[in-house]
Every structure is written in C-alpha cells, then in structure tokens.
Amino acid sequence: MERAVERPSLLGPEGPVEEGERGVPAHFQDLHLDELEAALFTPHGGMGLEAIFRRPLQDGKAVVHRQRVAQDLEAEPLAQAFRTFFRGMENMRKGLELAEGARHPWQKRLYFLLAAEAYLEALEGLWKGFLGHPPRSPGLQGYRAYLEAYRGSPDFLKLRADRERTRSALDGLRYVLHVHEGRLALRAYQGEPDYGRQVAETFRPFFGERPPSWQGRDLPPGPWLNHVEEWIVDHLALLFPEAFGRLEAFFQDHQGFADPALLRLEKEARFFLAYLDFIAPLREAGLPFAYPEVAHEPPFLAQEAFDLVLAAKLLFQGSLPVTNGFLFDDARILVVTGPNQGGKTTFARMVGQVYYLFALGLPVPGSRARLLLPDRILTHFEARENPEELRSKLEEDLRRLKTLLDGATDRSLLILNEPFASAALLDARLIGRFVLERIRARGSLGGVVTFLDELARFPGTRSLVAEVDPEDPARRTFRILERPADGKAYALALAEKYGLTYARLKERLGGGP
C-alpha cells in the first residue's frame, strides 16, 4: 500500500524518520529527562517511544512539522478519536498474542478473527474522527489521505468482506447439545425449545426488566477451552464445515493484515499524546506552554518558563513552581549566582529542558519562546565521586569539561552546574575564566551556575542572580533576575537579620553604638 501513496509521517516532512539510539543520552540524568521519559512512556510500554524521545531534531522544518501536528492533537475531538484508535489497536495485539499462544487450532483461529475485528473497528473509528475534525497539519493530512486510499484498496476491502462473511456464518450457527449419563451428543438445531430462554424467563422476576446477556464476544485472557469444550468445537467443525471453512480461509488468507503505515501512525500519535496528556493538568492549573519560534539569529529567549519535572511533582503536592525567563543576545553566556537552595540548579535544568523539548517539536514550558535549534546539548553537573577512580575529583571534572568544550559548536548549548566546585578558590577563578573564554570562542550558548561572582562580569556574559526576600533574607523567592552579582549584599542582609553586623556586635559587647 505504501508504494501507491506517499509515505506519511507525523515526525518529519520527508516521511518516516530514523529513530534514535536506545542508550540513555549523557545529559538525560542531569536535566531530569530520564524521569520525564519514564513518566511519559511507561503507560505505553513496548511501543518503543523512548527511541523517538532520544532523537532530537536537527532541522527547523521538521520542528515546525511536529509543532503543527501537536497543535492539531490539542483539539479534544481528534485526540479522543486517537485514544479510541489506540484501545482498538491494543485489543488487536491482545487477540494476536492470544492466537499465538492458543493450543487448539480453532481457538487460535477465533482469537485471530477477534483481532482482525478489533483492527477494523479501530480504523473505522479513526476515519470518523478525521471526518468529524479534519486535521490542518501536513502530517495528519497525509495520514488522512493514506487511510482514505487504504480503505478503498483491494486488500482492505477483501479483509472487511471476508470478516463480515465469516462472522455472519459463525453467528448463524444453531445446534443442540444433549447430555445424558455422562455422554455428549451434538446435532444441528431442528426447532427444539430453547431451554436457555425458558430458564431466563423463569428467573425474570430476579433480573428485572433487562435480563443479563451471555452473548458477548470478548474472550477471557488465556486458554478457555477444556477437553470437553475442545470436543464440542471439533464436532461443530464437522457438523458445520462451511462456516468453519470460512474461518479457516480467513485465517490463512489474512496473516499480517495490519498495515505497517497505520501501525506507525499509532506509534507516532502516541508519542505526541503521551506528552500532551502529561502537560494537560499543568495547563489546567494555569501554567503556560508555548510553541517556540525557530530562530537563527539572536535574540533567543523564553518567558515564564519552568522545570517541567519539578512542576509535575509540585502539582501533585498541591503547589506550583515559580516561573523564570532567560535571554541570549550579544551575551551568549548566562552566569547564575546567588545563595544556596535559591533555585539556580533548577533554573539551569529548566533552560536545558526547554531547549530539548523544543528540539523534539513539542510545546515547551513558558508563555513565549524564540530559540536556536541546538545541534547538541552538553551538560556538566556534579557527579558522585567513584572511590575506585584513581584520578582526583578535580582531574575528572577537568577531563569532562574538556570533552564538552571540544565537542561544542556555535549551535551547541552548554549547561554547567557548579563545574569548579572541586577546585581551590584561586584555581577555580583561573579555570572559570578559561572555560568561559572557550565557550565564547566557540560561539556556543552557555548557562553556568557558579559561586564565583567575578565570572558574571566576564565579557560576553549576562549576570543572573537568585533573589531572596528583602524582608527575610533566609527565605528564597526562587526568582532568577538579571542584575549584577554581589554575594556580599546577601551576606550583609543575613548578618543584619541575625544581629551579626559590626555595629550590632559592638553594641551587644558593650562597645557603644
């Protein structure tokens, strides 16, 4: 089918894209993207969505392609049609798995028929969703056109017609099972009274107006035929060879009935809806999300952004995160200073998350964003010291920094969180200036969290400071604001609060005002 119609994809304008490596990227743990990945895709286990999540885009056109798909899927009628489609495809796979594991031939064929029915119902529901809410994005429009052509293809028409004939033949079977003194007899129905109906009528007063039905087609999840039932089915096949012949022909003729392109559609749509469903409660709580503009020249910015993983945890606890923004223009390096526990690391992680989600073509946390599509995201967060490592912590940190700097380009984003903490103060100053100079020489975008205020005055940097409450310096506001770095101001405020300034100490020690 894919040879007759252009191969559509939700992931890129040029058709299906190659999926990424299965290994976890180096920066995932630093940016908590590993936690986000688990939260998004654990409910879709076995679909391989992690491979898509681990391959950010390098082409701005592909980013816009995905953004338009996500905007389409934000419409609830279309999203609901896809969720129903997903359930149908899950039932299809369940039926195929049961057919694969069934021990009895006719049991295998009946499970196979149920799987095909689930597949046909899933496609019919999706088609109605497309008709009721026509998509606007090229990706979904491509799949709509594909599904329309597929529904008219000879293979699909034969599948649907054979299913209808097979189901009709099986539903029309009527037989009499006679049990007497431990012996069974089976013959065709010849107008005898229906004892089942008589029993139901007898017990009607206990059932009310709507007696229970035993006509459901759902099969239990496992082998459901004992030896007596197997004997009955085998003899039914002998008694009604035409109906069971249709079932056998259906099984033989329609192996591999699921269309590869529509299986791919399910996987790709799950990727988008897993993310959109994850952020839906955050949106309902009032947190903003935006589709970034793809920019090639500064300024690059995000407004009212936040750490997505932290936001989900806080929402679960009944609170919301503080939002912050960032700006890269002529100053391509953000230097973040301020007191401990003031939100600096969370801010650095937020910048990395925003860029990574943007590179996946997804809406990012924030009210507005204009971003450069990075060729790579490189991070350096504090790593747990390995007692078996013969190198010192400082040497290991320097080796990691060298690897990052050697791999950086003018389209790279570097997020460095306290990279000089293992060095003595004098060494940290020298290393810090060298690292900033290398980042500036590469033309990379950088976010550096540091305790060294003087690095915020380095050429080509923008100074950001984690603010505290002016009335209570011990209370963090988690606001990261642009202003000159001055750690002494924070120390003085704390000293004033606790009566440790020179004047207060002198007064308390009896030295006078």
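These legends describe close-up views of a predicted model.

**View 1. An open sheet of four strands.** The strand order is β4-β9-β5-β6, and the pairing is mixed. Strands β4 (293–295) and β6 (324–328) stand at the edges. Each has a single partner strand, so one side of each is left without a neighbour in the sheet. On average, neighbouring strands are turned by 25° against each other, direction ignored. β4 and β9 (residues 368–372) run parallel and are joined by three bridges. Here Val294 stands opposite Leu371 in β9. Helix α14 (residues 344–359) packs on the sheet and touches β4, β5 (300–305), β6 and β9. The direction of α14 makes about 70° with that of β6.

**View 2. A nonpolar patch on the surface.** The patch is formed by Tyr175, Leu177, Val179, Leu184, Val228 and Leu239. Together these residues have about 450 Å² of accessible area. Strand β1 (175–180) and helix α10 (227–239) each supply at least two residues of the patch. The largest share, three residues, comes from β1. Val179 is found in that strand. Its relative accessible area is 54%, so Val179 is exposed.

View 3. Glu248 forms a salt bridge with Arg109, and the closest N and O atoms are 2.4 Å apart. Glu248 belongs to helix α11 (residues 241–253) and Arg109 to helix α5, so the pair links distant parts of the chain, 139 residues apart. Glu248 is partly exposed, with a relative accessible area of 24%. Arg109 counts as buried, at 12% relative accessibility. Leu110 also lies in helix α5 (residues 105–132). The C-alpha atoms of Leu110 and Leu247 are separated by 7.6 Å, although these residues are 137 apart along the chain. Leu110 counts as partly exposed, at 22% relative accessibility.

View 4. Arg167 forms a salt bridge with Glu117, the closest N and O atoms being 2.8 Å apart. Arg167 lies in helix α7 (residues 154–171) and Glu117 in helix α5, so the pair ties together parts that are 50 residues apart in sequence. Both Arg167 and Glu117 are buried. Another salt bridge joins Lys158 to Asp162, with 2.9 Å between the closest N and O atoms. These two residues are four apart in helix α7, so about one helical turn separates them. Lys158 is partly exposed, at 40% relative accessible area. Asp162 is buried, at 10%.

**View 5. A network of salt bridges.** Glu90, Arg93, Glu266 and Arg270 are linked in this network. The count for the model comes to 34 salt bridges.

Conventions:
Residues are numbered from 1 along each chain as its sequence is written. This is a predicted model: local features need pLDDT of at least 70, side-chain atom pairs count only at pLDDT 80 or more; totals for chains, interfaces and linings use all residues. Side-chain values use heavy atoms; hydrogens and water are left out. Two strands pair if DSSP finds at least two bridges between them. Axes are lines fitted to C-alpha atoms, for helices over the stretch in contact, and angles run from 0 to 180 degrees between N-to-C directions. Contact means heavy atoms within 4.5 Å. Patches are made of residues with over 30% relative accessible area and no salt bridge: like charges are joined within 9 Å, nonpolar side chains (Val, Leu, Ile, Met, Phe, Trp, Tyr) within 5 Å. Accessible areas come from the Shrake-Rupley method with a 1.4 Å probe; for residues, only the protein chains shown count as cover. A salt bridge is a side-chain nitrogen of Lys or Arg within 4 Å of a carboxyl oxygen of Asp or Glu. Buried means under 20% relative accessible area, exposed over 50%, partly exposed in between (1.4 Å probe, protein chains only).
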